[in-house]
Amino acid sequence: MEKKRFIFDLDRTLLTCDYNIVETRIFEPIFGDETEKLMKDIGPLLDYYEMTHSHYDDEVLSEFLKEQSGLPFTPEIIRGWAREISSDADTMEDGVIELLEHLKSKDKSLVVLTNWYGKSQIPRLKEAGIYDYFDLILTGEDQLKPHPRAYLRAIDGYDPRECFMVGDSVIKDYGAPRLHGIESVLYDKDDVHDKKYVKIKKLTELIKK
Ligand SMILES: [Mg+2]
């Protein structure tokens with residue numbers, strides 16, 4: 001079946017910022033010496049939150065992180081964090097514009113399906129100059145991958161077989177969409193994942209497909 005809708009993950013698929021630098025800058029003045037340990041834990045903690053919650057919420061996330069890390073997280077800290085991420089310079093992944101231009105020229109519908117806050121992600125997409133390519137932008141305040149609702153919202157009336165997803169997460173962008181009948185490809189530019197996955201190293205490889 002012809003693919004009509006392309007669903008993109010955002011972080012490390014379209015745009016990448018230096019998450020470590022940004023987060024250390026936020027957390028160090030607040031948590032001091034605890035920051036180093038937090039920086040090791042924060043990725044897995046967010047993954048755990050995303051598996052066990054339907055959406056991001058400042059209050060719920062700060063309570064969760066407080067409980068899990070033992071650090072005095074507050075909703076204000078979460079808000080500052082989201083603001084800071086959107087204020088930092090992003091690097092656009094190679095081939096993004098080329099791919100989006102190509103898909104638009106073929107009249108495809110383009111969607112962003114990201115787990116992080118819209119208050120970070122929308123300004124980042126605008127700053128990068130790629131916001132207008134997308135017909136639909138779904139962010140973590142409404143639904144989280146890998147929960148079914150995220151993919152159902154991204155499909156939004158299309159036949160799942162007409163949809164195609166690309167992203168860098170084996171579970172959220174590759175495995176889970178397949179459970180809902182959406183063909184997917186893993187963006188693995190550093191070739192770190194197993195050969196058993198359908199992978200691309202460059203986004204422009206999708207133009208040839
Ligand atoms: Mg990602």
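The chain folds into 9 helices and 8 strands; helices (H or I, at least four residues) and strands (E, at least two) are DSSP runs, numbered from the N terminus. This is a predicted model, in which local features need pLDDT of at least 70 and side-chain atom pairs count only at pLDDT 80 or more, while totals for chains, interfaces and linings use all residues. Residues are numbered from 1 along each chain as its sequence is written, and side-chain values use heavy atoms, with hydrogens and water left out. Let's take a tour, from the whole chain down to single residues.

**The chain as a whole**

- The radius of gyration of the chain is 17 Å, which agrees with the value near 17 Å for a compact globule of 209 residues. This radius is taken over C-alpha atoms, and the globule rule is 2.2 Å times the number of residues to the power 0.38.
- Along its principal axes, the C-alpha trace spans about 50 × 35 × 30 Å.
- Of the 209 residues, 49% are buried. Buried means under 20% relative accessible area, exposed means over 50%, and partly exposed is in between (1.4 Å probe, protein chains only).
- Among contacts with a separation of 6 or more, 63% come from residues 24 or more positions apart. A contact means heavy atoms within 4.5 Å.

**Surface and charge**

- The chain exposes about 10,400 Å², and carbon and sulfur atoms supply 49% of it. Accessible areas come from the Shrake-Rupley method with a 1.4 Å probe, and for residues only the protein chains shown count as cover.
- There are 30 positive and 42 negative side chains, and the centres of the two sets lie 6 Å apart. Lys and Arg count as positive and Asp and Glu as negative, while His and the chain ends are not counted. Each charge is placed at NZ of Lys, CZ of Arg, CG of Asp or CD of Glu.

**The magnesium ion**

- Asp 9 (OD), Asp 11 (O) and Asp 168 (OD) are the protein donors of the magnesium ion, lying 2.1 Å from it. Donors are N, O and S atoms within 2.8 Å of the metal (3.2 Å for Na, K and Ca); water is not among the atoms, so sites may look incomplete.
- In sequence, the donor residues follow the spacing D-x1-D-x156-D. Asp 11, in the loop between β1 (5-8) and β2 (15-16), and Asp 168, in the loop between β6 (163-167) and α8 (170-179), are 157 residues apart, so this pair links distant parts of the chain.
- Asp 11 counts as buried because its relative accessibility is 15%, whereas Asp 168, at 23%, counts as partly exposed.

**A look at Ser 120**

- Ser 120 sits in helix α6 (residues 118-127) and is buried, with a relative accessible area of 0%.
- Leaving aside residues up to four places away in sequence, Ser 120 touches Ala 82, Ile 85 and Ser 86.
- Ser 120 and Thr 13 are 107 residues apart in sequence and 16 Å apart in space, C-alpha to C-alpha.

**Backbone details to look for**

- Lys 145 and Pro 146 are joined by a cis peptide bond, with omega about 10 degrees. Pro 146 lies in the loop between β5 (136-138) and α7 (148-155).
- Arg 12 has a positive phi near 70 degrees, in a residue other than glycine. Arg 12 lies in the loop between β1 and β2 and, at 44% relative accessibility, counts as partly exposed.
- Asp 107, also not a glycine, has a positive phi near 65 degrees. Asp 107 is found in the loop between α5 (96-105) and β4 (109-113) and counts as exposed, at 70% relative accessibility.
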